[in-house]
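User: Please examine the following structure and answer a series of questions about its fold and its local geometry.
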Amino acid sequence: MKRRTWLFLVLPVVLSAAISCRPAAATKTISFVGVQDGQSRYRSMGLNIGYAGYWFPQFHAGTAGGGVSDRPTHENDHSVVSPLSVRVARLPLLQKLTRALRASLGATFGNLLWYALLAGAASLLFYVLFPRFFRRRRIADADPSRQQVSREIFHSLRSLAIFGLVAAGVVLAALSGWTRIYINDDRYGWPWFITSIVLIILLHDAYFYWTHRLMHHPRLFRRMHHTHHLSTSPTPWAAYAFSPAEALVQAGIGPLIVFTIPTHPAAFGLFMLWQISFNVMGHCGHELFPRGFVTSPAGRLLNTTTHHALHHEKFRTNFGLYFNVWDRLIGTNHPEYEVRFDRAHGVMPATGADGDVGPKHLQVTQPQARTKK
Ligand SMILES: [Zn+2]
Ligand SMILES: [Zn+2]
């Protein structure tokens with residue numbers, strides 16, 4: 001790996017470590033979820049065990065191991081009554097690093113599990129068990145080669161490791177109470193829990209569209225985004241097939257969320273499940289939405305597999321992730337999007353009556369597209 005790439009990887013961890021070393025006042029208690037001061041209010045939400053701890057209860061136990069304080073500091077303090085509360089303000093850096101590494105492993109394993117489960121299930125269904133049945137929903141003609149699938153898996157595993165490193169950095173920062181993760185906080189009930197998930201998804205959609213467009217800039221494309229576009233007809237395994245630099249950009253949504261939106265770990269977990277499900281769907285190569293969906297109100301809002309498949313084919317359009325809002329607003333939807341969606345359902349346009357109307361008919365010459373962008 002290039003030296004510059006390593007810098008990209010190490011920088012967030014070092015920065016987070018620096019943040020976590022910030023001296024904390026002796027009177028403060030950093031609970032499992034936040035920093036309490038003497039006035040029984042969170043100064044800020046803290047200790048983001050994040051996604052990792054959510055999946056790994058032993059991490060919670062590990063966290064509670066050093067100087068557990070399972071009662072609120074003050075009689076009237078109802079903001080933190082978690083048995084997981086722990087004094088961590090004066091935790092040595094080594095302990096913080098240990099916990100961050102544990103969380104990192106947990107995050108990596110959790111992400112890997114969902115990636116393998118969903119991408120594996122989609123591959124099995126579309127390409128192994130019922131290829132004939134799903135062929136009618138196939139977007140591209142060619143079968144993916146073993147080489148392509150191996151490459152996609154290799155790149156995805158590398159991305160998962162990078163996501164884990166970013167998780168470690170976030171946990172280090174969170175141990176100082178810099179994130180807005182909460183667990184037991186009366187201010188946030190079910191309405192906020194649901195609202196936060198919606199907000200997170202909207203934020204991710206905007207973040208993805210604009211960072212994606214940026215990575216298509218000729219100066220950045222080769223270095224950052226080209227790896228993902230090696231698959232012009234992707235399989236579900238391409239969901240995380242990024243270069244290290246792009247993986248870091250994609251992982252950036254995690255810190256952005258926990259530093260800005262009060263987030264329950266379960267809400268973050270559900271968001272992660274949503275994003276990997278949508279991501280696998282976008283790369284599965286088969287249109288799953290019903291005929292006529294793209295012209296319905298829901299289809300105008302939500303993206304489809306055809307939408308992202310066209311992005312992999314044509315490069316210059318269809319940058320959006322979940323919603324078809326940014327592409328519509330900015331005018332970057334592919335003009336043939338609806339035609340290609342219909343074609344995945346076997347509906348041929350009237351003008352293509354010469355018999356040459358298969359998906360290949362609309363494919364651009366990839367080498368050209370690739371060298372330009
Ligand atoms: Zn893609
Ligand atoms: Zn792209």
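Analyst: A residue is called buried if 20 or more other C-beta atoms lie within 10 Å of its own, exposed if 12 or fewer do, and partly exposed in between, with C-beta atoms placed from the backbone. The model is predicted, so local features need pLDDT of at least 70 and side-chain atom pairs count only at pLDDT 80 or more, while totals for chains, interfaces and linings use all residues. Residues are numbered from 1 along each chain as its sequence is written, and chains are lettered from A and ligands numbered from 1 in the order in which they are written.

User: Is asparagine 318 buried or exposed, and why?
Analyst: Asparagine 318 lies in the loop between H13 and H14, where its phi is near 55°, a positive value in a residue other than glycine. Most residues other than glycine have a negative phi. Because 22 other C-beta atoms lie within 10 Å, asparagine 318 is buried.

User: Which class of burial applies to phenylalanine 315?
Analyst: Phenylalanine 315 is found in the loop between helix H13 (305-314) and helix H14 (325-330); helices are DSSP runs (H or I, at least four residues) and strands are runs of E (at least two), numbered from the N terminus. Phi of phenylalanine 315 is near 75°, also a positive value in a residue other than glycine. Since 20 other C-beta atoms lie within 10 Å, phenylalanine 315 is buried.

User: Over which residues does pLDDT stay under 50, with 194 contacts beyond four places in sequence?
Analyst: pLDDT is the predictor's confidence in each residue, from 0 to 100, and its mean over the protein chain is 75, with 69% of residues at 70 or more. Where pLDDT is low, the predicted coordinates should not be read in detail. One stretch with pLDDT under 50 is 351-373, with 26 contacts beyond four places in sequence (C-beta atoms, placed from the backbone, within 7 Å). The stretch with 194 such contacts is residues 1-89.

User: At what angle do helix H4 and helix H6 pack?
Analyst: Residues of the contact include Ala100 and Leu101 of H4 and Phe163 and Val171 of H6. The axes, lines fitted to C-alpha atoms over the stretch in contact, are 8 Å apart. On a scale from 0 to 180 degrees between N-to-C directions, helix H4 (residues 93-129) and helix H6 (residues 146-174) pack at an angle of about 145°.

User: How far apart are the C-alpha atoms of asparagine 279 and leucine 118?
Analyst: Asparagine 279 is placed in helix H11 and is buried, because 22 other C-beta atoms lie within 10 Å. Along the chain, asparagine 279 and leucine 118 are 161 residues apart, yet their C-alpha atoms are separated by 9.7 Å.

How values were computed
Two residues are in contact if their C-beta atoms, placed from the backbone, lie within 7 Å.
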